[in-house]
Amino acid sequence: MPYMAGAPTDRTARAEERERTSFTEQSFYGQSVKEANLQYTLIQEKTSDADVKQAYEDDMVKKFQDRQAIAKAILKWRVAQAETRIEEIAAAKQSRCDSIKAKLIEVGWDERDFPLDQKEYREIVYRDQKLTPKVWQTIRPRLEAMIVKRREERIEQERQALMKNRRQLFGQLYSQLVESLLGLPNDYMERVPYVPSVEEVWNLPWVQSHMDQLTEALSVEEWREDIADDLRLFILDQWRSFLRNLVEILEGCPMTSPSSNAPLSREDGIPGTSKSRASKDRVEAINDDIDILKNRLSLATSAFDCQCGLFDSVMWFPDVLKHGLLYHEWTYPQQFIQHLVPFSRRADGLVQSLLRGLRLDPNFATIGELNAGANWLCLRCDPQVARYLSFKEMVEHYLSHRKWFDEATAARSPFGGVHGCLLVDDHDWSDGAPSARQDDEDSRILLEVLQAGFRAECMNGLGGDAFNFGDDGLRKVSCALCPAYFGPPPDYLPKIRIHVLHKHQKELDPYTDITLEGLCNYLCSI
């Protein structure tokens, strides 16, 4: 439409026009003041009568007050009209929103998926426009596209939350089953590397297949019941493999289970079909195998040695596991098993010799029965100094004497003279002589009386006037026949006499066979 003649064409003119035609309190007052000021100036120019001027001023004040009242009333009305319009717009927007919500729910959408936090969705829903069928057909595809996206996000979030909760429950269930099925003492369960970790098992395909079937409709009890049988069978099978590897080490057979340090692959440990893997028969069969393996490991002849070289102690099951927990970093069973060897490699025939001396059958004697108390006495030691030991301590006792003999023999070879004297392994278990015995209460009492008399003899003197130095600090001597640093700790002469008799097979010569230097070795006992 063309502009009228004389109408403002530039932006400044149009702004001035809007300012002149707009009705505001400021513009209204400004125009009135300008007109009143112009009239007052004309009156001052035409007359000097003060009464006329005052009359004009009073008239202008009254008119200004009237106009001010009218302006305030108009402005109050406009504000009321604007507020009413705002309320009408808000009500219209809410009505449109409610109508859209009802239509979306009617066609099957879930109110939880309405993306009210999205600006685009709010701009469509909250609009001052009536929702006609035509408008609805126009906006529906856009709204449903946003709802579909939000529904997918919600379902994934709920699935992740459900999976996290199930994973936590899975870890608790797995730990409970491991603790109950392995049947080990609590101090063996601080770490459980004997079976695969929860993380490994969680990633196995058959476990993930259980996870993929999870729904909110599946209760925790139903889920536990559904997976517990599979887990029980899996744990028992892994525990059986671990025990079988231990037995194979003792028997010198190659291990039937993988010997690598790698974790389970995704193909390992798949129980099979749901019916077969939950079969009671399979669980019972595995339990029978475990009992057989445990019986084999419980024998006194089922002793282990560790190649780590940290300790010389002999180990039986399950103490061998405690050794692994304390002194080895291992996550997978094979990382520890590869360090174990049969104890017979270090002391061939020792355990069998002790059992024969005790008149026990190596095929039936268990370490639990033998270690029940410290009631075994070494027959190679002099009764005056022998101590009652447990079976484990007895084995270590023989090992310490063998080690002393081997190292003392090696240290003696460069020396001549007195160091070339005879050294005897008086605890040689391969000579067929009896090694140990078990005493009853009467025999123990008699032995205690004998040893008490021997201790009194040691405290009363050195065994002859020629060695009565009269100084208690010089009453303890050591053996001069042993290589340097391999003699027994300084002791009273009666004990050194026993040492010389057993380790050098000679009667003590107090002039040549003792020394006050005390170069001893802790491995050497009397």
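Colleague: Is Glu-158 buried, partly exposed or exposed?
Modeller: This is a predicted model, where local features need pLDDT of at least 70, side-chain atom pairs count only at pLDDT 80 or more, and totals for chains, interfaces and linings use all residues. Residues are numbered from 1 along each chain as its sequence is written, and side-chain values use heavy atoms, without hydrogens and water. Buried means under 20% relative accessible area, exposed over 50%, partly exposed in between (1.4 Å probe, protein chains only). Glu-158 has 27% relative accessibility, so the residue is partly exposed.

Colleague: Which residue meets Glu-158 in a salt bridge at 3.6 Å, N to O?
Modeller: A salt bridge needs a side-chain nitrogen of Lys or Arg within 4 Å of a carboxyl oxygen of Asp or Glu. Glu-158 lies in helix H5 (residues 133-182) and its partner in the loop between H3 and H4, so the pair ties together parts 46 residues apart in sequence. Helices are DSSP runs (H or I, at least four residues), numbered from the N terminus. The partner is Arg-112.

Colleague: Which residue of helix H5 pairs with Glu-120 of helix H4?
Modeller: The two are 22 residues apart.

Colleague: What arc do the buried residues of helix H7 cover?
Modeller: In H7 (residues 205-212), Trp-206, Val-207, His-210 and Met-211 are buried. They sit on the same side of H7, because their arc around the axis is only 150 degrees.

Conventions
The arc is that of the directions from the helix axis to the C-beta atoms.
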